[in-house]
Amino acid sequence: MLVLRSGLTRALAARTLAPQVHSSFATGPRQYDGTFYEFRTYYFKPSKMNEFLENIKKNIHLRTAHSELVGSWSVEFGGKMNKVFHIWKYDNFAHRTEVRKALAKNKDWQQFLIPNLALIDEQEFEITYLVPWCKLEKPAKEGVYELVIFQMKPGGPALWGDAFRRALNAHVDLGYSKLVGVFHTEYGALNRVHVLWWNESADSRAAGRHQSHEDPRVVAAGKLFH
């Protein structure tokens, strides 16, 4: 589990397990709507992270001129430290290819990028889709973001989707946290789900967690997932 502070922004064709068996959680709509989200994660040596954050803040406009940045976050506490990740939105894979080609030809972007690559210790990326019942939300004000990563068993959402949705909705419907998006990986680490939450502060997040753990409705929904 990672708790993140907002940085630069304010933020499955249906899988058939057996004949006539389909999941309401499976991602069929993505075959008709090619929109996907790329998680790009960067790891730094402690002495290099602040320098990178300052440099990217000054030059991010060169990158966002080509495609939409959903958000950029750095880790404040929890999980692996000295970590920054971006979520980029693309209309489809052809769109991503066009963007990458344009960036390679953009001299201003390359002049920024090349020297800053030396600041990066490791990087990884994943291609994800929003689950079909989830719309991407953008909180109206700054706050604390929490990224929770679930490593699911093989078999896909047809096995765990309905229970998982109920468990998440229990938190949302009861007002314990605000859901930003639920992303299911297509490329990268498979069978992984990223759930991005928003809270006004770390203290409000802690209070919501304590209350939810004692709420029988949330506990009951969580048991469906196990």
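How many helices and strands are there in the chain? Count six helices and eight strands. Keep in mind that you're looking at a predicted model. The chain has 226 residues, and 46% of them count as buried.

**Overall layout**

- Starting at the N terminus, the elements go β-β-α-β-β-α-α-β-β-α-β-β-α-α.

**The nonpolar cores**

- The largest nonpolar core is made up of 26 residues. Inside this core, the residues with the most contacts are Ile 87, Phe 164, Val 182, Val 195 and Leu 196.
- Strands 2, 3 (68-77), 4, 6 (144-151), 7 (178-187) and 8 (192-199), along with helix 4 (157-173), each give two or more residues to this core. Strand 8 has the largest share, at five residues.
- Take Leu 196 as a way in: setting aside neighbours within four places in sequence, its contacts include Trp 73, Ile 87, Tyr 145, Leu 147, Val 180 and Phe 183. Glu 146, Lys 178, Leu 179 and Gly 181 are also among the residues that Leu 196 is in contact with.
- There's a second, separate core too, with 20 residues, including Met 49, Phe 52, Leu 69 and Trp 109.
- As background, nonpolar side chains tend to be buried together in soluble globular proteins.

- Trp 109, Phe 112 and Asn 116 are the buried residues to look for in helix 3. Looking down the helix axis, the buried residues fall within an arc of 75°, so they line one face of helix 3.
- What do those buried residues of helix 3 pack against? Their partners are helix 1, helix 2 and strand 5.

- Which helix gives the most to the lining of the second largest pocket? That's helix 3, with five residues.
- At least two lining residues come from each of strand 2 (36-44), helix 1 (49-64), strand 4 (83-90), helix 2 (93-105), helix 3 (107-116) and strand 5 (120-130).
- By type, the lining splits into 12 nonpolar, four polar and three charged residues.

- Leu 168 sits in helix 4. Is Leu 168 buried or exposed? Its relative accessible area is 6%, so Leu 168 is buried.
- Not counting residues up to four places away in sequence, Leu 168 touches Trp 133, Val 182, Val 195 and Trp 197. Leu 168 and Val 195 are 27 residues apart in sequence, with 9.1 Å between their C-alpha atoms.
- Glu 51 belongs to helix 1. Its relative accessibility is 40%, so Glu 51 counts as partly exposed.
- Glu 51 and Asn 116 are 65 residues apart along the chain, and their C-alpha atoms are separated by 9.0 Å.

Note on methods
Residues are numbered from 1 along each chain as its sequence is written. This is a predicted model: local features need pLDDT of at least 70, side-chain atom pairs count only at pLDDT 80 or more; totals for chains, interfaces and linings use all residues. Side-chain values use heavy atoms; hydrogens and water are left out. Helices (H or I, at least four residues) and strands (E, at least two) are DSSP runs, numbered from the N terminus. Ala, Val, Leu, Ile, Met, Phe, Trp, Tyr, Cys and Pro count as nonpolar, Asp, Glu, Lys and Arg as charged, and the others, Gly among them, as polar. A nonpolar core is a set of buried Ala, Val, Leu, Ile, Met, Phe, Trp, Tyr and Cys residues joined through side-chain atoms within 4.5 Å. Buried means under 20% relative accessible area, exposed over 50%, partly exposed in between (1.4 Å probe, protein chains only). Contact means heavy atoms within 4.5 Å. The arc is that of the directions from the helix axis to the C-beta atoms.
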